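Below is a set of questions and answers on one protein model. Look at the structure first, then read on.

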Amino acid sequence: MKNSTEVTEFILLGLTNDPELQVPLFVIFTLIYLITLIGNLGMIVLILLDPRLHTPMYFFLSNLSLVDFGYSSAVTPKVLAGFLMGGKVISYNACAAQMFLFVSFATVESYLLAAMAYDRYIAVCKPLHYTTTMTAGVCARLAIGSYVCGFLNAAIHTGDTFTLSFCESNLVHHFFCDIPAVMLLSCSDRHSSELVLVYVVGFNIFFALLLILISYTFIFVTILKMHSSAGYQKALSTCASHLTAVSIFYGTVIFMYLQPSSSHSMDTDKMASVFYTMIIPMLNPLVYGLRNQEVKRALIKVALEAKLSLELRF
């Protein structure tokens with residue numbers, strides 16, 4: 001077997017080679033990234049500043065915002081550099097680092113979504129026990145467990161991918177170092193690596209989705225038993241945002257990773273990848289935050305305090 005370090009760099013072919021689309025795509029993705037940064041970092045700052053948002057739900061939401069910022073930032077700046085300067089070359093080690101960071105944050109997000117489903121289950125089904133069940137310690141352990149699973153999963157996939165031999169083509173048919181796209185370049189037998197990818201991703205998806213489905217089964221049973229229309233609408237509204245995010249995120253991940261890399265259509269994968277690397281991180285603060293009255297009130301309060309502070313200063 002040839003040494004896996006014979007390829008010292010990869011060339012990311014990006015979304016398109018059409019020169020007429022480079023500038024429009026650069027503008028569009030720059031705007032998306034700016035909205036992602038402002039939305040997610042703003043959500044974190046808002047939750048830290050307002051004591052009324054120091055609750056389990058917003059603790060998980062702040063972590064979700066941090067993760068969205070993380071895995072969008074692992075990919076988008078390199079994509080923008082490719083549009084602007086044509087810098088599509090990425091070193092072997094930088095490719096491995098990008099893959100590790102992206103897989104880490106994406107896995108953490110999947111488990112945070114499961115933790116948020118459990119939090120909603122306690123809030124809707126056992127409201128009287130909510131404060132004693134969702135303590136700071138429990139929330140911290142759920143969050144830490146999500147990060148541990150994320151980094152462990154990333155270590156498995158990155159190590160498994162980069163122990164393959166890369167001795168022929170170094171053209172990655174993608175806009176970032178995604179696992180299936182890099183695996184396709186291997187000149188060694190990748191069958192076992194594909195099995196590891198499918199089984200490990202399958203386990204993570206199955207386990208997290210199982211927790212979400214169990215939580216929502218109990219939630220919907222409880223909602224159907226509610227006699228108050230106001231309580232019914234509030235519970236349903238709370239769950240709708242989370243279910244929307246879960247459907248988009250898990251639907252894309254299942255489509256991307258639970259099939260052998262040999263059966264992947266790279267053009268289709270690129271379009272799907274845009275959703276979970278750029279669109280989902282941008283939408284999450286809007287879906288979870290701006291539709292929430294508590295967040296709106298906190299935002300207005302912070303804005304008024306900032307305005308008052310500026311007026312007093314000048």
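**Helix packing and disulfides**

Helices α6 and α8 run roughly antiparallel to each other. The model is a predicted one.

Q: At roughly what angle do the axes of α6 and α8 cross?
A: Helix α6 covers residues 136–162 and helix α8 covers residues 191–224. Angles over 145 degrees count as roughly antiparallel, and α6 and α8 are therefore placed in that class. Their axes come within 10 Å and cross at roughly 165°.

Q: Is the crossing of α6 and α8 left-handed or right-handed?
A: Two packed helices are described by the angle between their axes and the distance between the axes. The crossing of α6 and α8 also has a hand, and it is left-handed.

Q: Which residues of α8 make the contact with α6?
A: On the α6 side, the contact is made by Asn153, Ile156, His157 and Asp160. By class, the contact has five nonpolar, four polar and one charged residues. The α8 side consists of Ser193, Val196, Leu197, Val200, Val201 and Asn204.

Q: What pattern do the disulfides of the protein follow?
A: There are two disulfides in the structure. One is formed by cysteine 95 and cysteine 177, and another joins cysteine 167 to cysteine 187. With bonded cysteines counted along the chain, the pattern is 1-3, 2-4.

Q: How many residues apart in sequence are the parts tied together by cysteine 95 and cysteine 177?
A: The sulfur atoms of cysteine 95 and cysteine 177 are 2.0 Å apart. Cysteine 95 lies in helix α4 (residues 92–125), while cysteine 177 is in the loop between β3 (171–172) and α7 (179–183). The pair therefore ties together parts whose separation in sequence is 82 residues.

Q: Is the disulfide of cysteine 167 and cysteine 187 left-handed or right-handed?
A: Cysteine 167 is in the loop between α6 and β3, and cysteine 187 is in the loop between α7 and α8, 20 residues apart. The S to S distance is 1.9 Å. The torsion about the S-S bond is about 125°, so this disulfide is right-handed.

Q: Is the disulfide of cysteine 95 and cysteine 177 left-handed or right-handed?
A: Cysteine 95 and cysteine 177 are both buried. The torsion about their S-S bond is about -125°, so the disulfide is left-handed.

Q: Is cysteine 139 buried or exposed?
A: A residue under 20% relative accessible area counts as buried. Cysteine 149, at 31%, counts as partly exposed. Cysteine 139 has 4% relative accessibility, so cysteine 139 is buried.

Note on methods
Residues numbered from 1 in each chain as written. Predicted model: local features only at pLDDT ≥ 70, side-chain atom pairs only at ≥ 80, totals over all residues. Heavy atoms only, no water. Axes fitted to C-alpha atoms, helices over the stretch in contact; angles between N-to-C directions. Helix = DSSP H or I, 4+ residues; strand = E, 2+ residues; numbered from the N terminus. Parallel < 35°, antiparallel > 145°, perpendicular 65-115°, else oblique. Left-handed = near helix turned anticlockwise from the far one by under 90°. Contact = heavy atoms within 4.5 Å. Nonpolar A, V, L, I, M, F, W, Y, C, P; charged D, E, K, R; others polar. Disulfide = S-S within 2.5 Å. Buried < 20%, exposed > 50% of the residue type's maximum accessible area, 1.4 Å probe, protein only.
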